[in-house]
Amino acid sequence: MREAFRPRAWAGSITGPMTGSEEERAKGRNFRILAASVVSILAKVVAVGTTLITVPLTLHYLGTERYGLWMTVTTFTAMLTFADLGLGSGLLSAVSRAHGREDVAEIRGYISSAVVMLTGIAIALLAIFFSAYASISWASFFNVKSAEASSEAGPSVAVFVICFGASLPVTVVQRVQMGLQLGFIASFWQCVSSLATLLSVLVAIYLRADLPVLVAALVGTPVFVGFINTILFFLKNSEFSPALKLFSKTQCRQLFSIGFLFLILQVSVSATFLSDNFVIARLLGSDNVASFSIPDRMFSTASILVSLAALPLWPAFGEAMVRGDHAWAKRALRRATWASLAFSGVMCSLLLLLAHPLVRLWIGKDLDVPFALLAGLALWRVVDSTASAAAMYLNGMHAIGFQVTIAIATGIVSLASKILLIPHLGLAVTPWCTVIAYIAFAGIPTLVYLRRNTERRQSNVF
């Protein structure tokens, strides 16, 4: 017999009703989305602030070579984001839909299965690493010369891998909180994590610790904070707490099938939109990369902020669609799309007007960046931001296969056009290739797909 969904007292008092009439559920969703968006942006600001503080401190303390080793080791985090095989995204999607069905037992089963699977992946990762650890000359691998850096290279990598492996099952609680539309709790703990990491790094520097300890402070502190979040959340919400006896092969297969599609989607998007620096370096030379990457990072601020604000829509859409609250989903999609367009349009227009003085203020010198490149970067970030709400809507619909198809098509066309046109038209054509490929092979198909699917429910998205 299915266990009834009984929201905790905090769910009603803090976030608004999760049950009741459609109007009451809509009010609760709107509040939870707003709270999660605000706190997630605050978490990002805190994270950026702590980074700005730690960079000069660690550079001065470690010196150029050891600092470079530290940054190289810790930046492997971005390369290993796919190590969970998409299970985190699959869990978020599954929890949000089970939430809409008010099925606590199903949610708990997914959580238990995800913890077991991610723990298994972590153990396998650690076993593979330490089986090869002794046979690798880490000093040569990182091309460090000094005796101190050479002795610290291997232990630093080992500490990083241990911390990363431990983080895989710990991330479950964040996905569960987001899937239950409690993203503001996850973002709050991210703020705590950033501040705790800053304190840990400062203490390590004060104690003149060696590089492996600094790596532990930077990468291990978030794991420790995540563990505290896990304990407190599941103690307070014991109906969701994982248990080995609830491990389900069926739910594992479901999570993996969903997660694998998310993995392909993430890899496709990353390969498409993060390969520009490499393409430019290969076609025009590395000396042209800065003229593209620096203004690109400046304009990317708009889409980063919009994506943070839009992320809470994903579980809300998933839960609403399962409940049949399609009218709210339509309104939320329309409002979020127009809000994203307005915010990114204004922000990117201001950045376009102030681009050269901002770049000069940022890096201390001006860059020879053509206006056509700046305009293309601004337009691309507006298009990318405007599409964020639709992407969350498709996630909520479980339309991952469709997104994978358009992402692969967009990536192929975008990359091919850049390879063909950049040598002849120069650096400025790069973002325009992305914009045109995205609109033709992702934007327009998405509009058609949404209209057709909403018409089946006798409604219209726009």
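A nonpolar core is defined here as a set of buried Ala, Val, Leu, Ile, Met, Phe, Trp, Tyr and Cys residues joined through side-chain atoms within 4.5 Å, where buried means under 20% relative accessible area and exposed over 50%, with partly exposed in between (1.4 Å probe, protein chains only). The model is predicted: local features need pLDDT of at least 70 and side-chain atom pairs count only at pLDDT 80 or more, whereas totals for chains, interfaces and linings use all residues. Residues are numbered from 1 along each chain as its sequence is written, and side-chain values use heavy atoms, with hydrogens and water left out.

The secondary structure of the protein consists of 21 helices and zero strands; helices (H or I, at least four residues) and strands (E, at least two) are DSSP runs, numbered from the N terminus. Of the 462 residues, 50% count as buried. The C-alpha atoms fill a box of roughly 65 × 50 × 35 Å, taken along the principal axes.

The largest nonpolar core has 38 residues, and those with the most contacts inside it are L313, F317, W328, L333, Y393, M397 and L450. Elements that give two or more residues to this core include α2 (22–62), α15 (313–323), α16 (326–353) and α21 (429–455). A second, separate core of 30 residues includes L87, A94, V104 and F233. Residue W328 has contacts (heavy atoms within 4.5 Å) with E22, A26, R29, N30, I33, A316, F317 and A320, not counting residues up to four places away in sequence.

Residue Y206 lies in helix α10 (residues 183–206). Y206 counts as exposed because its relative accessibility is 71%.
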